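Let's take a walk through this structure together, one piece at a time. Keep the 3D view open and follow along.

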Amino acid sequence: MSKPIIMCLDDQREVLSALMKDLEEFVDAFEVIDCESAQEALEELETIEDEDGNVLLFVCDHIMPEKTGVEFLSELREESRFETARKILLTGLATHEDTIDAINRGDINFYISKPWKQDNLLKVIRQQLTHALIDSGQDHTPYMQWLDQETLYKILSKRV
Amino acid sequence: MERSKLIKLFFALTAFFVVLFLPLESIPINSITLLQQRVLAIFVLAVLLWVWEPIPIFSTSVLIIFLELLMISDKGLFLFRTHSDAETFGQLINYKSIMGTFASPIILLFLGGYFLAMSATKYKLDQNLARVLLRPFGNNPKNVMFGLMVITAIFSMFMSNTATTAMMLAILTPVLAKLDATDLGRKAFVLAIPFAANVGGLGTPIGTPPNAVALKYLTGDIAVSFGGWMLFGVPYMIIMLIFVWFLLLKIYPVASKQLDIQIKGKFLKHWKALTVYVTFALTVVLWLTGKLHGMNSYVVAMLPVTVFSVTGIITVADLKTLSWDVLWLVSGGIALGLAMEKTGLSVNLIESIPFSNFSPYIIIASATVLAVLMATFMSNTATANLLMPIMAALGVSLSSLEPLGGVKMLIIGVAFSSSLAMCLPVSTPPNAMAHATGAIESRDMVKPGMIIGGVGLTLVYGLLFILKKVQFF
């Protein structure tokens, strides 16, 4: 089986590469894919579905031309694709309306405002990855060093 | 699938087919039948798949059961049922007894344990007990460590070692940060939890799956009751705990003078929680007093299953989170043992190796050391699954073992040994979890782990000797 996938979306090239740089430690165990638009991400997801790939996490900007991050995420939700994947919205200039939308329609699991602190982002990503990996039914043991231990304890202590 | 896994799977299957299609005469086992040859092929496949793990270990069990149904059952594929010579063919096995391994009493005993553990976790009985039990140990770090170990061991007698470790590490890791970063004692604390969980599993028949596998072979005249197991399991566990505690403090001395652990919460008092407390206590009491009421431990295990289902304490959603994979892993082991016994392969195999030339002491030593070595690198349950059928046949056919306790002694010895491997992160899931905390390196585990393995084995021999002296065997 190929590596589980983390997908990052941002229309600004520099922001995207900064994000990819911050996520460098994950590339040994996960495939980190970068997309500059929702359209590109959707095409990428087609391929992933064809190859039976396992998307664990979306890290998504909101304000993008053509399709916003929330629109993209809510589309995935409506089509029930990648249901066990976790969604992080990473955005700067979101209005109050956008934020409400993100929670109600985008079904996001975490909201991080730009500019982000790397420590904080990594912690959130580890937590969300832990949930997603266990929910997707994959064996977590090979990925243990990339997961958030506290979250893992919480989940595993309930698995008698 | 990764390339390396594919290659391993390919080799395992190749070995399976090679054994399957060898001419019968070329197999160096006396008077081997065609059915025995098939079981041998399945056994070889099981060994390779459980050692290399190209597929999840529970799926190997499912594969074993399916192959048995297909190739050696009375309702298998017709090609596997036709034969010209009944003598060299052997006796087909009733398909019901192969399928029945999924619901063997042993499996239901474990299910009862799951229901107890799950309800205790759901209604915070575990957290609250931990809070109350830890209090008397004060705030001297050394005593706190022993307190944590005792609680871990007690819980892992009824919960899975993995869940216990997860729960206790969740309690431990926040306070660990309070210890000085240079304090070696941090390592001692992080190792104490998985080691105590591994050792604690030995306390009851449901403490860890290898015990359950062993129980399968302890039937009839040599049956061991729940309480009977605890009578020797718990004292062994206590001695090991004290030893591990001393050892860890010796290797990684704690410098800090104070450590406070606060566990929040209070005992729930609504009727569902009370039902959990009462049922839990009642089940354990019934398990310990089998002789008084006549119900064996398997029947008693259905009590928590029934009470918690009827009262809605365990819901449909809870039911779906049960570790069915562990139950299936054990079923596969039972099915493998069943096939080896019913076809006569295990006895035939044992008789083809001149074991009687060896001293019985050498046989006990090699069996137990082999168990520890295998369990170091692979699943403890898979180790027991593979070794127990052979040990059962060995114990019965080897008369020189009889004065030492015979098959009962050998089975219990190997069961205990299967849980003594803890020197690597891969040895047990609790070890892996402790390693993932980042507080210890692999090598920090090796030294204490190896000493515990060695001393643990010695204590097993001592235990077997005492059990023989008190005529338990």
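α10(B) passes α12(B) in a right-handed crossing, where right-handed means that the near helix is turned clockwise from the far one by less than a right angle, and left-handed means anticlockwise. Before going further, note that this is a predicted model, in which local features need pLDDT of at least 70 and side-chain atom pairs count only at pLDDT 80 or more, while totals for chains, interfaces and linings use all residues. Residues are numbered from 1 along each chain as its sequence is written, and chains are lettered from A and ligands numbered from 1 in the order in which they are written.

Back to our pair in chain B. Helix α10 covers residues 185–200 and helix α12 covers residues 226–251; helices here are DSSP runs of H or I with at least four residues, strands are runs of E with at least two, and both are numbered from the N terminus. The two pack at an angle of about 165°, and their axes are 10 Å apart. Axes are lines fitted to C-alpha atoms, for helices over the stretch in contact, and angles run from 0 to 180 degrees between N-to-C directions.

Which residues make the contact? On the α10(B) side they include L191(B), F195(B) and V199(B), and on the α12(B) side M240(B), V244(B) and L248(B) are among them. Two residues are in contact if their C-beta atoms, placed from the backbone, lie within 7 Å. The contact of α10(B) with α12(B) has 12 nonpolar residues, one polar and no charged. Here Ala, Val, Leu, Ile, Met, Phe, Trp, Tyr, Cys and Pro count as nonpolar, Asp, Glu, Lys and Arg as charged, and the others, Gly among them, as polar.

Now slide over to another pair in chain B: α8 (residues 141–156) and α9 (residues 161–176), which pack at about 150° with axes 9 Å apart. With that angle, α8(B) and α9(B) are therefore roughly antiparallel to each other, and their crossing is right-handed. L148(B), T152(B), F155(B) and S156(B) from α8(B) meet N161(B), T164(B), M168(B) and L172(B) from α9(B). This contact splits into four nonpolar and four polar residues, with no charged ones.

Helix α9(B) also leads us to the other chain. The contact between the chains takes 21 residues from chain B and 14 residues from chain A. On the chain B side, α6, α9 and α22 each supply at least two residues, and α9(B) gives the most, with seven. That side of chain B holds 13 nonpolar residues, seven polar and one charged.

Leaving aside neighbours within four places in sequence, T162(B) is in contact with L156(A), P429(B) and P430(B).

Finally, look at chain A, which has six helices and five strands. From the N terminus on, its elements run β-α-β-α-β-α-β-α-β-α-α. Buried residues make up 38% of its 160 residues.

Note on methods: Angles under 35 degrees count as roughly parallel, over 145 as roughly antiparallel, 65 to 115 as roughly perpendicular and the rest as oblique. A residue is buried if 20 or more other C-beta atoms lie within 10 Å of its own, exposed if 12 or fewer, and partly exposed in between; C-beta atoms are placed from the backbone.
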